[in-house]
Amino acid sequence: MGVDLRQVVAGILTITMFVMLGQMLHRDYFDAQVQGDAHDIEFHGSKVSLEDGLVRSREGNHGPWMEDSHDLKPCWSISESDEAVSSKGYVTFSLTNGPEYHVSQITDAVMVAKHLGATLVLPDIRGSKPGDEMNFEDIYDADKLVKSLESVLKVVKKLPSHVSLRDIAIVKVPTRVAEDYIKEHINPIFKSKGNIRVTTYFPSVNLRKSSLDGETDPVSCLAMFGSLELQPGVNELVESMVQRLKSKSSGGRFIAIDLRVEILEKKNCHETGAGGSKTCYNAQEIAVFLRKLGFDGDTTIYLTQPRWDSSLNILKDIFPKTFTKEAIMPAEKKSKYLELENSEYENVIDFYISSRSDVFVPAIPGLFYANTVGKRIALGKPQVLVPAEISGTSGLSTDYISPYISKKNHLAYSCFC
């Protein structure tokens, strides 16, 4: 069969035109997306481009999200030796400094009362300012606490009127107080006075497991993870805010970042830790960190910052769906829960939203970070990303999982297995 030379030439020209058109479309597309020097990389199976060192997703709500894990279950058990005994006196205490401290304070008070064979008196809640006091029931579920602890000790809501405040000795105890310490240092005072008031001090804010700790006391596990719950009204508010954050994300997920400008501005927050590592990260550094991990601009973010600050604008420029509590709280609730700056309600809202978010990023070290991680381990939410300076253009999120979780060295792993 003869070949028509004109058909061959026409075919070659047609193919050439399609190749040139494809190259033009390819170049126009990337010029429109990224100005300057840019290139493509594959990140967790999603096509992304790089601009000024920031990773930008091109396909929907992509990012290095992890699924929740519900493999861990409470593994403490209350033995006969742990069961409640007849009470010989009273232990009183207050919850102070915010919910991250409350978790530890309730645990220490329960341990003291249990090992003294005393009755625990429901605490009040005291803020940072003199005279700033609340009832326990304003924030927490009193009936839940009483019921959860009834197998190990008796809890009453008020100190009986026949007990004089002059008969109560004030005793300071270190957090994570152990039975041996209670017997040696506190029991003699309790026997002498009959009633004591416990105040907890914090020699350290880390909650790492230690070989020196020995076997974790099951009463401690019960107090830390099974006793303190929000009262229904506050819990309903927190849940509504969590759902609103999820509804603003196309993927139904959001990141909570503990980032408070007032703390970032303090001198000790600019110091470096061991090996020259940074201890705190500002809004811009957090934004770059998240983008390099692959979170795209559509990601929803919740900040613990009380009110919007201009220094946060860079974060909102990169992640437009960035909110503080006043932006997502129902309007009818604001008069009660946002009427006072730095109120206990606001701190509690931050702590519990951070515990329930899909991802938690602590821009600031401390007990808020440590106890939020413990709460997340109990809830099966292991994605806690500790910020760092990523030298390249991208990084794997698994490299920045909190050591509390990646090494399973958080105290919570003594209670959940």
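## The disulfide

A disulfide is a pair of cysteine sulfur atoms within 2.5 Å. With that in mind, welcome to this predicted model. A search of the whole structure turns up one disulfide. Its partners are Cys221 and Cys415, whose sulfur atoms lie 2.0 Å apart. The torsion about the S-S bond of Cys221 and Cys415 is about -80 degrees, so this disulfide is left-handed.

The pair links distant parts of the chain, 194 residues apart. Cys221 belongs to helix 5 (residues 218–226), while Cys415 sits in the segment after helix 14 (403–406).

## Buried and exposed cysteines

How accessible are the cysteines? Cys221 has a relative accessibility of 1%, so it counts as buried. Cys415 is buried because its relative accessible area is 2%.

Cys75, at 34% relative accessibility, counts as partly exposed. Cys417 reaches 53% relative accessibility and therefore counts as exposed.

## A look around Gln105

Now let us visit another residue. Gln105 is found in helix 2 (residues 99–116). Is Gln105 buried or exposed? Its relative accessibility is 5%, so Gln105 counts as buried.

Leaving aside residues up to four places away in sequence, Gln105 touches Phe93, Ser94, Leu95, Thr96, Asn97, Thr200 and Phe202. With Thr96 there is also a side-chain polar contact of 2.8 Å. The C-alpha atoms of Gln105 and Ala223 are separated by 9.7 Å, and these two residues are 118 residues apart along the chain.

Definitions and conventions:
Residues numbered from 1 in each chain as written. Predicted model: local features only at pLDDT ≥ 70, side-chain atom pairs only at ≥ 80, totals over all residues. Heavy atoms only, no water. Helix = DSSP H or I, 4+ residues; strand = E, 2+ residues; numbered from the N terminus. Buried < 20%, exposed > 50% of the residue type's maximum accessible area, 1.4 Å probe, protein only. Contact = heavy atoms within 4.5 Å. Polar contact = N/O pair within 3.5 Å; in protein donor to acceptor, adjacent residues only side chain to side chain.
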